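Trainee: Please take one part of this model and go through it closely. I would like a single connected account.

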Amino acid sequence: MEAINQSFANGNSILHKTDPRLKLIIIFLFALITAASSNILMLGQALFFSIVLLSAARLEFKKVIKRIILINIFTGSVWLFIPFTYEGREFWTLGPLTASLEGIYYALTISLRTNSIMIAMIALLATSEIKNLLQALNYFKLPKKLILLAFFFYRYIFVLKKELTKLLRAAKARGLQNKSTLKTYSSYGYLIAMLLFNSLERSERVYQAMLARGFNNKIYVNHDSKLHADDLIFFTKVLLVLSWFIVLDIGILS
Amino acid sequence: MHISEGVLSIPVLAVGIAGTAVGTAYGLKKIKEKDIPKTAIVSAALFVVSLLHLSLGAVSVHLTLNGLAGVILGWGIFPVYLLILFLQAVLFQFGGLTVLGVNTLVLALPGLLSFFIFKIIVGEKLKEGKKIIIAGFTGGFIGVLGAAFLSIFALVMTEASFMELAALISLSDLPIALLEGGLTALVILFLLKIKPEIIKK
């Protein structure tokens with residue numbers, strides 16, 4: 001099982017300190033602008049910008065590289081297929097397969113887009129604790145029920161992960177092995193069912209307990225609701241860069 | 001398989017966002033306020049289970065179980081997967097933000113279909129027996145295959161030359177579909193023994 005640690009969220013860089021609400025706005029805008037573009041010149045600069053943001057966050061290099069490699073598994077398979085299936089001018093032949101120039105160009109745009117956005121996501125979103133991001137979401141006028149769901153959901157992920165680890169350990173102590181056998185699969189099936197059962201029992205107890213303590217379906221946020229000058233300066237700088245990207249993409253200059 | 005950022009075209013992304021918004025709005029309406037902790041904990045359980053890896057022959061796979069999610073949650077599957085996918089994107093950079101809409105539909109729609117199929121096959125009385133096994137297996141199976149089909153659709157709608165790559169990815173989903181079908185049937189059978197109220201009416 002993977003760990004749900006937020007190892008990137010500890011830090012002192014400007015990316016860590018900026019208000020999560022602004023970071024959310026930035027990443028959404030950046031993702032939208034980048035995803036909408038096919039302009040390699042602009043996308044290259046976008047990638048450069050996201051790498052600059054990432055280095056400003058001063059995260060552990062090895063962990064970041066690992067993350068980036070994982071993200072690029074899909075991109076790698078795109079390169080293996082798209083150049084050969086995309087119609088266009090012949091560029092390179094390998095036996096019966098022919099790569100087209102347009103195909104390579106398309107694969108390149110995908111790689112640039114995926115990597116720019118994902119790297120920016122690491123720089124902007126992974127540098128805040130999830131609870132702060134959820135509290136920030138509270139300000140964006142999302143449906144109340146959704147926010148409530150989100151908070152309970154986040155709270156119980158860690159509790160249930162511990163629960164599942166316990167169940168797994170008990171099963172392994174009784175000889176559960178991770179093989180492709182019917183026995184393994186049925187054991188996992190029972191594990192999942194037990195987890196769901198325990199979760200439901202727990203949710204009933206929790207809800208009763210909260211009602212007994214006066215829960216009225218409102219979430220109180222202890223987040224500092226003022227925006228500081230540093231946040232706004234950072235935000236403005238990023239907005240300027242994003243505007244430059246839009247200009248490049250629309251092609252006003254060409 | 002979640003689709004990463006920067007792959008799909010804007011029209012496809014827009015349809016994803018619109019569909020998810022509609023589904024989520026309706027799903028939230030269907031969830032009563034007193035059921036929020038229950039739904040949230042089921043979501044957390046689904047999220048945590050997706051972190052498990054089981055071995056399937058030579059490879060290690062992760063379970064989606066969107067068929068099971070559909071049977072338990074009904075229309076609530078939309079906001080649930082929206083949250084699960086959002087968290088996976090933020091925590092692991094698995095999936096993405098602009099593709100959140102598409103990825104949610106890819107999982108939620110087949111899950112919803114599994115919900116309806118389950119209700120049709122089983123009817124009102126949740127009695128153990130062959131019907132439950134068939135309905136459960138079909139639910140799990142359709143969940144995975146439906147998701148694969150919708151992913152292919154989204155990719156090919158963006159760019160026709162994705163067909164080969166998308167078909168290959170989906171072919172590898174077939175054994176997973178069989179596995180999840182079996183698991184879904186098993187889990188539902190077991191849950192009916194110990195807590196029948198969990199299955200959505």
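Mentor: Helices here are DSSP runs of H or I with at least four residues, and strands are E runs of at least two, numbered from the N terminus. This is a predicted model: local features need pLDDT of at least 70, side-chain atom pairs count only at pLDDT 80 or more, and totals for chains, interfaces and linings use all residues. Residues are numbered from 1 along each chain as its sequence is written, while chains are lettered from A and ligands numbered from 1 in the order in which they are written.

Now the helix itself. Helix 9 of chain A covers residues 229-250, which is 22 residues. At 1.5 Å a residue they should span 32 Å, where the expected span is 1.5 Å times one less than the number of residues. The end C-alpha atoms are 31 Å apart, which agrees.

Next, its two sides. A:Phe234, A:Val238 and A:Phe245 are buried. They cover an arc of only 25° around the axis, so they sit on the same side of helix 9 of chain A. That arc is taken from the directions from the helix axis to the C-beta atoms. Buried means 20 or more other C-beta atoms within 10 Å of a residue's own, exposed means 12 or fewer, and partly exposed lies in between, with C-beta atoms placed from the backbone. The other side has exposed residues, including A:Ile233, A:Leu240 and A:Val247.

The buried residues pack against helix 1 (14-17), helix 2 (20-35) and helix 3 (40-56) of chain A. Contact here means C-beta atoms, placed from the backbone, within 7 Å.

Methods: Contact = placed C-beta atoms within 7 Å.
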